[in-house]
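Here is a short tour for anyone meeting this structure for the first time. Have a look at it, then read on.

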Amino acid sequence: MKKIALLMSVLVALTLLTGCQKKEESKTAEVKVEKVKLVFTSWRTEDIERMNRINDEFTKANPNIEIDFQPVKDTEYDAQLRQSLAAGVGADIIFLRSYDSGYQIYKTESLMDLNSVLPELKEFPSAAVAAWATPEGESYGIPAAGVVHGIYYRKSIFEKYGLDVPATWDEFIAACDTLKAGGETVFAQGTKDNWMLYEVMYSGLGANFYGGEEARQALMNKEARFTDDNFVLALEKMKELQAYFPERYEGIDYVTMQQIFGTGNAAMFMGGSWEIGIFEDLGGLEDVGYFAPPLAKAGDTLQYCFHVDAGIAMNKNTKHMEEVKTYMKWLASSDYAQLYMNELPGFFSYTPGNYTLNNQLAKEMQSYVSDSVPTVRTVWEKLSADSPSGNELVGEAIQMMYAGTLTPAEAAKFVDDGLSWYY
Amino acid sequence: MIQATKKHTRFLFMFIFPAFIIYTVFMLLPIINSMKYSLYSGDGLVPGTFVGLDNFIRLFTEERYYSRFWGAFGNNIKFFLIVTFIQNILGFFMAVFITRSFKGSGFMRKLSFLPTTLSVLVVGFIFKLILNPYYGIFDKVLEAVGMGDFIIPWLGDPRSALVIVSIAVSWQFFGESVLFYSSGIDSIDESIMEAARIDGANIWHEIIHIILPSVLPIVGIVTILIFIGDFTQFDIIFAMTGTRGDPNYSTDLFGSLFYRTAFSSAERGGWGTGMGATVATMMFITVTIGVGGFLAFFNKKKEELGK
């Protein structure tokens, strides 16, 4: 009994001591700094250094506000965001996915309405604003970044075979044949991660075949079905590329494919503009070129998947409301947009203004925009709001198509069947 | 005497109290709460509309849900069988082997336990690197020994992915079974073994008539631990094949199914918190029934042996 009493008193003493210590610490903190630290979360863990450089510029102008950029791994981001917001420990500034996914977060009543906070949003392209707004037109996110999908290539390998950048699908396939005959790994592509197959390949390269934005709208408005000829044709075209995939492509995951191309071991990589930074870090960009998805036939207008990737929202329950608003204003300014696009080449800002891009690849990507019809990923809007989501279905269908278990027509039916649960 | 018992009770209560509080707050209440959510539907992390057993009915009648649920259930059973085979049977023989005294047996003991001290995520990552079809060492070794024809995209092929994942888990926790079994074998009285040997028993006789009966309760414990571990397994799937249980849900287990359905947004495979909680409740029921079944089975076996 004596021992227990002793133990108890030690415990009590310890708690008291730590308590005192804490109090002292907070006292000194109050005296020393009045700096406010805002937490900024995103799914782009690879951007920490770049975002810190951008935010330093902000802190220079606003010395009392410090931005703590705390990204979470892409695949975990949504779950983590939901949990932290519900628990009341969410970040102050939040990267938000477009359309339904972001809207779901908004519906948890944890995001601030922005129409009154940021009246300048009216000047932004309306299609981009709509990706982070309620059906009634209330914005809850600044359209911050868009990405394009296309094909990266190794200039040296193309030169070796005397290949030009292909403009049409036939030229594209001819180039693939030449490269394959020469013993090159034509594409770095693998099929282990199926989101790539849908987001980049089908939405990017397939759009020219299924009819781009018009077809996407028709699908969304129930005037078309995924089993229609144009959508199946796009799947068939994707299937044509299988012959040029590396050996055992079924086991190659996203990171591996980036490494294969980034280190110069494949001639081409179907990817998104966000990968510029990754290839820069892997092996430099001198040898990397880019071209937009090849047209179905010469003379067609390019259907360019310029996807609304990231919006930025603010936490309604932030402890530093005024500071967050100041920061949000800055995020919606052209100053930020210019910094952002140069720090993160491959991400294109929607903020109105004239910008000079210092990255050659980003310039090339942007050069296609003026003569194209912009579109977004095929089943991203509305068709992915319930289970099973269109995003998953198309990815799975193409994965199975490449595994040989489904024909392109069956793959289209697989998607159509899945969507029929709610659409 | 009565006084003493009373005092005793109070004393016992003092011991139980802290654990009871912790279990209630951090285990019992969340479990009950999660079960409550399985009766609700709605957006966000806290579903608000009471729907009764509707979630359960939908889980078992709508193909989009039950195909995933039964898929994960089937995978889980396969996973459990493979892991049980490796950990229980091979683990047992390994234990018999290292409990013989020979030079280096102590070292073997330590070595067999080493992987258990690693994090599951580390193990998953190591296996993923070894099996990478482009730069992984495993394929290179197979090629070097002239078995290049057998190479398949190990983690990309639905036929092999689950087996590979099971092997990774078994490899890691192999040492744990060996530890359990070897401590069981160590506790067998040496004089019994000696007597058997004098009577002319060979190693098989020893195993069947002495070792196996005395470690049978441990077989039960190990099997139940594997069962619980496997039916709640998540980490290794997360590390090796992602929360979708790629390729094409062939490695989807209850753990990954629950994580995906409860915490992902709809476009990434989420079913909403209500349905997620329903999956969790079904997991809980499955594990409880399973453990109950195993306990009954092994107790009966023990009684039979006792007779």
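How many bridges join β4(A) to β7(A), and do they run parallel or antiparallel? There are 6 bridges between β4(A) and β7(A), and the two strands run antiparallel. Keep in mind that this is a predicted model.

On the β7(A) side, A:Val148 has A:Phe306 as its bridge partner.

β4(A) also pairs with β5 of chain A (residues 268–272), through 5 bridges and again antiparallel. There, A:Tyr153 is partnered with A:Met268. Then comes β6 of chain A (residues 288–291), joined to β4(A) by 4 bridges, also antiparallel. In that pairing, A:Arg154 sits opposite A:Val288.

## Two domains in chain A

Chain A is assigned domain 1 (35–146 + 308–363) and domain 2 (148–306 + 364–419). Taken over C-alpha atoms, the centres of these two domains of chain A are 28 Å apart.

Where they meet, 17 residues of domain 1 of chain A are in contact with 20 residues of domain 2 of chain A. On the domain 1 side of this contact, α4 (99–107) and α16 (360–367) of chain A each supply at least two residues. α16(A) gives the most to that side, with 4 residues. Sorted by class, the domain 1 side has 9 nonpolar, 5 polar and 3 charged residues.

## Nonpolar cores

Now for the inside. The largest nonpolar core has 130 residues, and A:Ala397, A:Ile398 and A:Ala411 have the most contacts inside it. Strand β7 of chain A (residues 302–314) provides the largest share of this core, 9 residues. Both domain 1 and domain 2 of chain A take part, each giving at least three residues to this core.

What does A:Ala411 touch, leaving aside its neighbours within four places in sequence? A:Ala411 is in contact with A:Leu235, A:Ala397, A:Ile398, A:Met400, A:Met401 and A:Leu406. A second, separate core has 55 residues, and among them are B:Phe231, B:Ile236, B:Met240 and B:Ala280.

## Where the chains meet

Finally, the contact between the two chains takes 31 residues from chain A and 27 residues from chain B. The chain B side of that contact divides into 11 nonpolar, 10 polar and 6 charged residues.

Notes:
Residues are numbered from 1 along each chain as its sequence is written. Chains are lettered from A and ligands numbered from 1 in the order in which they are written. This is a predicted model: local features need pLDDT of at least 70, side-chain atom pairs count only at pLDDT 80 or more; totals for chains, interfaces and linings use all residues. Two residues are in contact if their C-beta atoms, placed from the backbone, lie within 7 Å. Ala, Val, Leu, Ile, Met, Phe, Trp, Tyr, Cys and Pro count as nonpolar, Asp, Glu, Lys and Arg as charged, and the others, Gly among them, as polar. A nonpolar core is a set of buried Ala, Val, Leu, Ile, Met, Phe, Trp, Tyr and Cys residues joined through C-beta atoms within 7 Å. A residue is buried if 20 or more other C-beta atoms lie within 10 Å of its own, exposed if 12 or fewer, and partly exposed in between; C-beta atoms are placed from the backbone. Domain bounds come from an automatic or database domain assignment. Two strands pair if DSSP finds at least two bridges between them.
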